[in-house]
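Reader: I would like to learn how to read salt bridges and chain interfaces in a model. Please take me through them one step at a time.

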2 protein chains.
Amino acid sequence: MLHEEVVSRLRDILLEGEVPPGARIPERELCLKLKISRTPLREALKVLAAEGLVLLLPHRGSRAARLTDKDVHDLFEVCQGLEALAGELACERVTDAQLQEIAEAHAAMVEHYRDGDLTQYYRRNRQIHEAIVAAACNPVLSGLYDSVTARIRRARYLTPMTPPRWATAIREHEAILNALERRDGMGLAHILRAHLRHKREEIIKAGFAEIDSGRGLAGHESAAAPV
Amino acid sequence: MLHEEVVSRLRDILLEGEVPPGARIPERELCLKLKISRTPLREALKVLAAEGLVLLLPHRGSRAARLTDKDVHDLFEVCQGLEALAGELACERVTDAQLQEIAEAHAAMVEHYRDGDLTQYYRRNRQIHEAIVAAACNPVLSGLYDSVTARIRRARYLTPMTPPRWATAIREHEAILNALERRDGMGLAHILRAHLRHKREEIIKAGFAEIDSGRGLAGHESAAAPV
DNA sequence: AATACAATTTTTGAATTCAAAATCGTGGAA
DNA sequence: TTCCACGATTTTGAATTCAAAAATTGTATT
């Protein structure tokens with residue numbers, strides 16, 4: 001198995017919550033599961049620690065990172081900044097083909113909204129935001145965006161969506177598409193900032209806190225379901 | 001030696017250009033130099049590869065990352081976005097003490113400008129930008145900023161500074177401090193974007209290209225001085 | 001019965017070892 | 001002379017091994 005693949009599979013295991021946030025990472029088991037020895041596994045752990053997904057306690061093993069309210073808040077703030085930047089750049093660089101792809105994804109998303117299909121809605125939503133970042137044509141930005149969204153994924157796509165919030169999101173997305181089609185960089189950046197700020201407020205209000213109630217690692221081993 | 005220390009020292013070695021960009025990383029030598037075995041060194045290499053400082057060629061060793069013009073451009077673009085975001089947030093959160101520290105650094109920087117002391121000027125310049133990011137009070141943002149600035153450091157602080165550009169930079173910094181003191185988030189974000197865009201244009205124009213002339217890795221081993 | 005201490009076990013971190021892959025060097029053929 | 005092929009050497013990637021640190025267990029003493 002290639003190095004990148006180990007990192008990738010381990011990342012998935014953490015993001016899926018197979019190892020719950022805050023729980024100790026069972027080196028032994030993962031070695032067996034991935035059919036590798038400890039050396040490559042530990043290399044992957046260090047990489048993921050640098051990404052912020054894993055917490056390394058010297059001489060005390062590693063744990064799946066636990067997101068505090070503050071972490072979620074910070075991640076959203078940065079995500080918002082990156083998306084706003086991406087929007088600005090995308091307006092300068094987006095190709096007609098990309099624009100069309102985004103428009104189609106948008107239409108599909110609105111359709112899912114009408115059907116009340118939240119899962120498919122989220123899928124399209126994510127596709128749109130990723131397409132905007134891709135259209136910015138900046139691999140550094142894409143990389144940071146991927147890393148931030150990976151860390152925040154659970155919070156972003158697993159919080160309850162209220163009807164009014166959903167309606168607002170759709171309206172905002174109309175404005176996003178519109179600004180992009182007009183190549184209005186400043187306008188788009190502004191909308192994206194507001195868009196994400198709304199989402200953030202919602203998530204914070206929804207009490208994402210339950211994932212982490214603030215006590216230290218010494219607490220329960222959190223064998224319970226992650227989210 | 002602690003894991004983080006190995007990563008840190010190796011990062012310095014790369015940033016200092018002790019291993020020139022594009023050059024192969026001599027595992028053996030570094031093991032001797034750092035007095036560690038290959039296992040922890042390779043762990044550090046993977047971490048730095050994830051950071052973008054090292055290029056891993058499967059079965060073909062690792063090399064110090066080589067920045068293309070496009071890379072520098074992309075890094076600056078993202079750096080600009082992060083600083084703008086930091087500026088906005090800093091306006092909401094900066095403490096009086098931090099503000100004072102920034103003002104003092106600014107005064108010192110202007111002094112170095114008058115003296116024509118570029119090295120000290122850069123030092124203060126960097127201190128100011130870092131202080132603004134710190135004032136944003138967002139560890140995620142700080143982390144990304146550190147990583148981006150680390151990658152771009154050589155390009156940022158080793159390009160020739162022309163007198164008119166220097167004068168412009170000083171004027172822009174006056175505006176930055178002013179906006180920060182007025183807690184004018186939007187204004188500061190705008191200024192910071194412009195500030196960095198100017199620097200970027202300067203660097204691109206200055207022909208940072210010489211560091212990488214576009215050919216592949218197969219080319220010369222680049223034993224020459226890094227910058 | 002509870003707590004403190006010590007011995008044992010487990011786990012972590014790193015060096016060594018080992019197999020596979022790539023590079024280098026030599027020799028032969030065109 | 002130049003190009004290609006084949007074998008030796010080096011280097012890489014990963015498993016194993018080893019030492020040190022921490023957790024656990026058991027025991028003794030208060």
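**Salt bridges and the interface**

Author: In chain B, the side chains of B:R38 and B:E27 form a salt bridge, with N and O 2.7 Å apart. Keep in mind that this model is predicted.

Reader: What is the general idea behind such a pair?

Author: Side chains of opposite charge can pair when their charged atoms come close.

Reader: Which residue forms a salt bridge with B:K70?

Author: B:D74 does, and the closest N and O atoms are 2.7 Å apart. Both residues belong to helix 4 of chain B and are four residues apart, about one turn of the helix.

Reader: Is B:D74 buried or exposed?

Author: B:D74 is buried, with a relative accessibility of 1%, while B:K70 is partly exposed at 39%. The cut-off for buried is under 20% relative accessible area.

Reader: Which residue of chain A forms a salt bridge with B:R93?

Author: A:E77 does, with 2.5 Å between the closest N and O atoms. B:R93 lies in helix 4 (residues 69-93) of chain B and A:E77 in helix 4 (residues 69-93) of chain A, so this pair joins two chains. A:E77 is buried, at 1% relative accessible area, and B:R93 is partly exposed, at 25%.

Reader: How many salt bridges are there between chain A and chain B?

Author: The count is six, and over all chains it comes to 26. B:E43 forms a salt bridge with A:K46, at 3.0 Å between the closest N and O atoms. These two also belong to a network of salt bridges with A:E27, A:R38 and A:R42.

Reader: How is the size of an interface given?

Author: It is often given as the accessible area lost when the parts come together. Here chain A and chain B bury about 2,600 Å² between them, with 65% of it on carbon and sulfur atoms. In terms of contacts, 29 residues of chain A touch 29 residues of chain B. Twelve residue pairs across the interface are in polar contact.

Reader: Which element of chain A gives the most to the side that touches chain B?

Author: Helix 4 of chain A does, with twelve residues. The residues on that side of chain A divide into 14 nonpolar, five polar and ten charged.

Methods. Residues numbered from 1 in each chain as written. Chains lettered and ligands numbered in written order. Predicted model: local features only at pLDDT ≥ 70, side-chain atom pairs only at ≥ 80, totals over all residues. Heavy atoms only, no water. Salt bridge = Lys/Arg side-chain N within 4 Å of Asp/Glu carboxyl O. Buried < 20%, exposed > 50% of the residue type's maximum accessible area, 1.4 Å probe, protein only. Contact = heavy atoms within 4.5 Å. Buried area = accessible area lost by both parts, 1.4 Å probe. Polar contact = N/O pair within 3.5 Å; in protein donor to acceptor, adjacent residues only side chain to side chain. Nonpolar A, V, L, I, M, F, W, Y, C, P; charged D, E, K, R; others polar.
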